[in-house]
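Thanks for asking me to look this one over. My notes are below as numbered points, to be read with the model open beside them.

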Amino acid sequence: MNLKDSKGSEKSVICEGSATMECVSKRQYCEPCHYVDEKTEKEPTGFCIECTEHLCSECCRDHKKNKITRQHVLLEGDKIPKDPAPFLQMKAMTKCAKHPDRVVDFECVDHCTLICSLCLSRDHRHCGTFNDLSADNKGLKLDCESLSESIKAVAETVRAKIEQKEKSLKELEEKKAEINKACDQYVKSVLTQIDKINNDVKSKAKHIIMNEKRTVEENISKCANFKQEIERLQKLMNVSQKYGKEYEKAATLKYLREQSKRLEADLQAAKAQVPNTCPVTAQSTLAHLTSLCKITSNCSEDLDIMMGTQVLS
Ligand SMILES: [Zn+2]
Ligand SMILES: [Zn+2]
Ligand SMILES: [Zn+2]
Ligand SMILES: [Zn+2]
């Protein structure tokens, strides 16, 4: 039962401790003066270890005057604690769990608990072993030293852990930058490639169009020749009709018939040569370009695949 009590009291000490920890950042002022008038927040010039209170210069003087508080140890100047929490925790720890107005005097070894003299006489009369907490204990100093060493070791472990975590944080940042760089580089190379393919396709289309243009131009010049030839024949016909003798008319007509036949044949041949539509269009060129630069969408569902490959590599 007592063991449970002792655990219970320990728990309350921790709670009180953490509660005071929250007050650390608060501005410090003379607590007795603030107690008398809530609006008063006088600058403290001392801290009483026994009362665990900050005191102004007047209250410090009163503390020293008063017979009851005269023996209290006052910390002044630089020694005033910025954080009174450890003092409060120490006070809370030495309070008797059963009698809060008393401090603990003994450790009952049987119950493994700290007790006041009242507890000793009432509840622990039949217990066997006690440690007098006020007695000069040489082992305590050694215990403190070894505890201090182990706390130091724990602090070192924690420091190394934090350092390691900070390192991994940095590594993650670096990894992010690396990924971004790799992706950007890839996209840049793809864009360059697409640009090159685009230029190639355009150049090929241009080449086809140029060939077509040349054919059309050749045709135009052929047509001009036809036109010229027709004009020549028409003129010849007019002259023979107007001024030719009968034998001249007959010879010219024969000649004209032959030439007209030849012209018709040439015209038919020229028609067969020229295709009516150009073999390349914007649509066909674009279809060719898109087939060369196939891009698949990158959905967020693909993230699993990305993670998978990362694990494998
Ligand atoms: Zn005091
Ligand atoms: Zn004061
Ligand atoms: Zn007690
Ligand atoms: Zn006991």
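1. Strand S1 (residues 46–48) runs antiparallel to S3, and 3 bridges join the two. Within this pair, cysteine 48 stands opposite leucine 74 in S3. Please keep in mind throughout that this is a predicted model.

2. Widening the view, S1 belongs to an open sheet of 3 strands with the order S2-S1-S3 and antiparallel pairing. Strand S2 (53–55) and strand S3 (74–76) are the edge strands, each pairing on one side only. From one strand to the next, the twist averages 30°.

3. What lies across S1, S2 and S3? That is helix H3 (residues 57–65), which runs at about 110° to S2.

4. Further along there is another open sheet, where 3 strands are arranged in the order S5-S4-S6 with antiparallel pairing. Strand S5 (113–115) and strand S6 (130–132) stand at its edges; each has a single partner strand, so one side of each is left without a neighbour in the sheet. Here the twist from one strand to the next averages 30°.

5. Looking into that sheet, strand S4 (residues 106–108) pairs with S5 in the antiparallel sense over 3 bridges.

6. Now for helix H6 (residues 138–243). Why does its end-to-end distance agree with expectation? At 1.5 Å a residue, its 106 residues should span 158 Å, and the end C-alpha atoms are 156 Å apart, so the two values agree. Is H6 buried or hardly covered? Hardly covered: the count of buried residues among its 106 residues is 0.

7. On annotation, the unreviewed UniProt entry gives "coiled-coil region" for residues 155–189 and 216–273. Over residues 155–189, the model's chain is 100% helix and 0% strand, with end C-alpha atoms 51 Å apart.

8. Finally, a word on confidence. The chain averages a pLDDT of 86, and 85% of the residues score at least 70. Where is confidence lowest in the chain? It is lowest in helix H1 (residues 2–21), at a mean of 38, while S1 has the highest, at 96. Over residues 1–24 pLDDT stays under 50, and for this stretch the model has 28 contacts beyond four places in sequence.

Technical notes: Residues are numbered from 1 along each chain as its sequence is written. Chains are lettered from A and ligands numbered from 1 in the order in which they are written. This is a predicted model: local features need pLDDT of at least 70, side-chain atom pairs count only at pLDDT 80 or more; totals for chains, interfaces and linings use all residues. Helices (H or I, at least four residues) and strands (E, at least two) are DSSP runs, numbered from the N terminus. The expected span of a helix is 1.5 Å times one less than its number of residues. A residue is buried if 20 or more other C-beta atoms lie within 10 Å of its own, exposed if 12 or fewer, and partly exposed in between; C-beta atoms are placed from the backbone. UniProt positions are given in the numbering used here, feature names are shortened, and annotations may be inferred rather than shown by experiment. Two strands pair if DSSP finds at least two bridges between them. Axes are lines fitted to C-alpha atoms, for helices over the stretch in contact, and angles run from 0 to 180 degrees between N-to-C directions. Two residues are in contact if their C-beta atoms, placed from the backbone, lie within 7 Å. pLDDT is the predictor's confidence in each residue, from 0 to 100.
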